[in-house]
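I open this notebook to record what I looked up, starting with how the two chains meet and then moving to the parts inside each of them.

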Amino acid sequence: MTDNRNHIIGKVDWPLLLIYFALALIGWFSVFSAKYDEMHPHIFDLSQVYGKQLLWIGASMFVAFLILLIDAKFFNAFAFWIYCIILFGLVAVLAYGTATKGATSWINLGGGMKLQPSEFAKLGTALAVANYLGRLNVDLGKRKTRIATYAIILLPMALVFLQNDTGSAIVFVSFLFVLYREGFPGSGLTMLLGVLAVVLFVLTLIWSQQTMYIIIAALFALTMTFHLIGKRRYWMRIVVIYSCMAAFVFSVHFAFFKVLQQHQRTRIEVMLGMKDDPHGAGYNLHQSKIAIGSGGLWGKGFLQGTQTKYDFVPEQHTDFIFCTVGEEGGFKGTFVVVLLYVALLVRIVTLAERQRSAFSRIYGYAIAGIFFVHFAINIGMTIGLVPVIGIPLPFLSYGGSSLLAFTIMLAIFVKQDANRLNIL
Amino acid sequence: MQFNSKVLSGRRNVIITIFVLVGLVFVVRLFTLQVTDQHYKQLADNNALRFITQYPARGMVFDRNGKLMVYNEAVYDLLVVPRQVKAMDTLEFCNLIKISKETFIEKLEKAKTYSKVKASPFVSQISKEDYAKTSEVLFKFPGFYFQTRTIRHYPSSIAAHTLGDIGEVDQKQIDEDPYYALGDYIGKSGIEKSYETDLRGIKGLKVVMVDVHNREMGSFREGELDKDPQAGRDIYLGLDADLQAYGEKLMQGKIGSIVAIEPATGQILAFVSSPTYDPNLLVGRERGKNFNNLLKDPMKPLINRAVNGTYPPGSTFKMVIGLIALESGSITPGTIFHCNGPGTLPIKCTHHHGGSPDLANAIENSCNPYFYEAFKATINNSKFGDIKKGYDYWHDMTYKMGLGHKFDTDIPYEQNGNIPSRSYYDKFYNKRWNSLTIRSLGIGQGEVLITPLQLANIAATIANEGFYYPPHLIRAFGDSTAIPDNMRQRMETGIAQKHFKVIKNGMRNVVEGAHGTARRYKIDSISAGGKTGTAQNPHGKDHSIFIAFAPVENPQIAISVIIENGGFGATWAVPIASLMLEKYIRGFTKRPELEQRMMEGVVTYKEER
């Protein structure tokens, strides 16, 4: 396969790359606008974050280009080694990392360079899962296989969680998509139960514990009535299911008020509209909604935003970058960005299905899941559909580690796809 | 459970459905948020920030007795943030703040050039009445707001040169020090300049949210960005306000200066430069106009003659000549030089004292030939080898006595004065010069130039019998911070105390002796020493000069008085100095007629070129 080099341009999936370029470009302009400073009006000014973001885009694209030149089998062959190195990095960050905004997730490389290993942990885990489940002799029916798979996912997730970086840890939930696609026993049910759990969780908090007990009891009575009329013999299961629901409601109440930390509790309450606190804990969300909401249909125009210009929205060039898109680009801008993301996700899944190797397919689903969770949580939080969880919007948010990690993730997949016909 | 691959590949649709569904939810939510819901647009309009600079109270200034000399008065500046300006009734606005529409447009353009999102000063120092009227209706004019700050006020209208003034910073100062922003004030002269960083304090900041009606809605992010201003340091001057005011009155109608120093500390007690001006002229909106008028005044009232004027010291220089001659061993107190009155060569005597004087007599009678001979004896002293080395020694000694250089304490715009160096003479006379060539130095004429401050310092040095503290204006900071070290450093002249005693004795005779040139103005029951000077100069009639200290036993004040073109030292400078000494030591004077004559006396400046 030494002739790859000559044909790689023709074989890569250009729609995917074009979506990537478009998002990176929108990101760069948004960071420029969010941090625009009259003293440094030049978008190429390297002393400013927007100049640095350009450097990161350049560096990421260079790395992506190198990846396209490397033999496609490299990533499968070295998946576990990469995974181990990243695990090592996560341990190192716990020992030597520096804390930023409550999370100990940075390693100082000196010279102002910082690296966030948790951004690369997702990549490493995706490679490891794809490698493990992609082996020919793997039997999903065996308990050992399942335990090993869960371990591969939960180990980095736990380490990231220990860094107090809850947001990045939650992203590992995205691997459920892969497991579901690969027919992992119970994964579909887990997702269903997950959705049910979220619904119960939200309703419990909104309607109070007692109301929920009454509703569950009423539903139980109703189901039993129908059941008895139908003369079926599943009543035992029904009792178990409803008991579990009641127990869950109880534990939600307990967890919410006894386990969660105050700031997490407040964020959830604000998101659910239980608390209206525009100057306190709900400040970020409130300002974020004002910025996006004031954009209107067509937006205020590039560099014309007033909300983002005045730093009303905190972290507006990183986690809240979508506010700049919303304010200056309006609905037109946010629609395009959402459309680009959905297109990216659908394209990845479509390409994943056409892979001949299990590794490539599983890897594709893994990164689609990761991108999706980032997309859903980040945009969801800026418009008040998800509690405020600090994770970046892939390709748009300022930040070298995340941009580089997401670009590598995508580049590896593009390489696998370009190479798919060489696999017999 | 095992699934066949077809089932699994079908699951892609489930996953894609989830992706698309979430995207759809977002789009719907964004549409309602951005397009259908107008609520957020209103909230955004109400979300303007205002960065209000909290100006600290500038430090106040007191005299040595705690009398207030400078305090602050509140004024109101109108500021504008161009981007927040909305369509409004410009005419009404212009009428309120009394500017024309053209000026309005011009000012707004200027503000835009500075910054669209940062506040620029629009109209400065609006009167209380206009402020009251305008602030009531300011809600109609978004983007404009008032900021309170203070300007200086001088209750007794004295000591303009000492206190100095403050004015708006220029672009150069803004570039040099990031502390300053457009429209800030900075000390321009006097102690306002020297102690700028102490007096100014530290600016604070208040960030408030402003709604669409230009109303302040409370602090932004719970005041997280706010900073309280820190008031400036108060300053206590060495100046005695009563003495200063008295000196200024005495100097009315005359050109010149009075400098009084407390010998034991170097603190300046009075610092008069005449003509002077009311410091309140350089405050407020009329500042620019008044400043230009003062600048154009041919009498040059803005110049502080006490440090910026340089004069030939005339006979007041004789103590310096005598002291160095004594210290170098070139003469003794008993040394007698021949004086033949007006017929003496090469320098004639201007007094008729008869006979040949010793040192003390020569001072009392201001005998020119004696000091020419003493100067000659010093630089030709055989112990130096040759006249060049002798001259270098003499030059060094004058330097140690505080001549020919600045003190560099806290007095702006000091001049060096001039004691010519050897190389100057080498160049000027092509190395062929001797004591005869430079004879006029011996009587304080020729190239020698001295500032009134240096002259007063000579008097203080003699009063102290051998040392001085660099003269300075400050006495203490209000918060007891130590004043700078260089003002507390005792400077030694390197001349033995016993020599000073001889000179002091001679100076006492000037005031109290039978032939003393200042004997007419001896102060009742207060002993004093002094020396008159009558300095020839190229600008017309001689300058009238007097230096003095009192009481002789325990000097509390040393003084120099120069009246330009006042003629003999005894004509104007002596009586004025004498009154100043009496006023300071006694608190009042017993000579009202003399006082009146001095205050009413006019010495007009005649340019005779």
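**Between the chains.** I looked first for salt bridges (a side-chain nitrogen of Lys or Arg within 4 Å of a carboxyl oxygen of Asp or Glu) and found that the count between chain B and chain A is zero. I then turned to polar contacts, where the count between chain B and chain A is six residue pairs, both residues at pLDDT 80 or more. A polar contact is a pair of N or O atoms within 3.5 Å; within protein, one must be able to donate a hydrogen and the other to accept it, and residues adjacent in sequence count only if both atoms are side-chain atoms.

The side of chain B that touches chain A draws two or more residues from each of α1 (5-36), α2 (39-45) and β1 (48-54) of chain B, and α1(B) gives the largest share, 21 residues. I note that helices (H or I, at least four residues) and strands (E, at least two) are DSSP runs, numbered from the N terminus. By class, this side of chain B holds 27 nonpolar, seven polar and nine charged residues, where Ala, Val, Leu, Ile, Met, Phe, Trp, Tyr, Cys and Pro count as nonpolar, Asp, Glu, Lys and Arg as charged, and the others, Gly among them, as polar.

**How I read the model.** This is a predicted model, in which local features need pLDDT of at least 70 and side-chain atom pairs count only at pLDDT 80 or more, while totals for chains, interfaces and linings use all residues. Residues are numbered from 1 along each chain as its sequence is written, chains are lettered from A and ligands numbered from 1 in the order in which they are written, and side-chain values use heavy atoms, with hydrogens and water left out.

**Size of the chain interface.** I found 43 residues of chain B in contact (heavy atoms within 4.5 Å) with 57 residues of chain A. Chain B and chain A bury about 4,200 Å² between them, 70% of it on carbon and sulfur atoms; buried area is the accessible area (1.4 Å probe) that two parts lose on being put together, summed over both. In chain B, F19(B), F26(B) and Q34(B) lose the most area to chain A, together 18% of what that side buries.

**Domains of chain B.** The assignment, automatic or from a database, gives chain B domain 1 (5-37), domain 2 (51-237) and domain 3 (241-284 + 298-600). The C-alpha centres of domain 2 and domain 3 of chain B lie 46 Å apart, and their contact takes 30 residues from domain 2 and 37 residues from domain 3. These two domains of chain B bury about 2,700 Å² between them, 57% of it on carbon and sulfur atoms, and R64(B), H161(B) and Y195(B) supply 28% of the area on the domain 2 side, more than any other three residues. I counted three salt bridges across this interface, and R64(B) also forms a salt bridge with E262(B), the closest N and O atoms being 3.1 Å apart.

**One residue in chain A.** Chain A has 17 helices and three strands, and I went to D417(A), which is found in helix α17 (residues 400-418). Is D417(A) buried or exposed? D417(A) is buried, with a relative accessible area of 0%, buried being under 20%, exposed over 50% and partly exposed in between (1.4 Å probe, protein chains only). Not counting residues up to four places away in sequence, D417(A) touches D13(A), L351(A), R354(A) and Q355(A).
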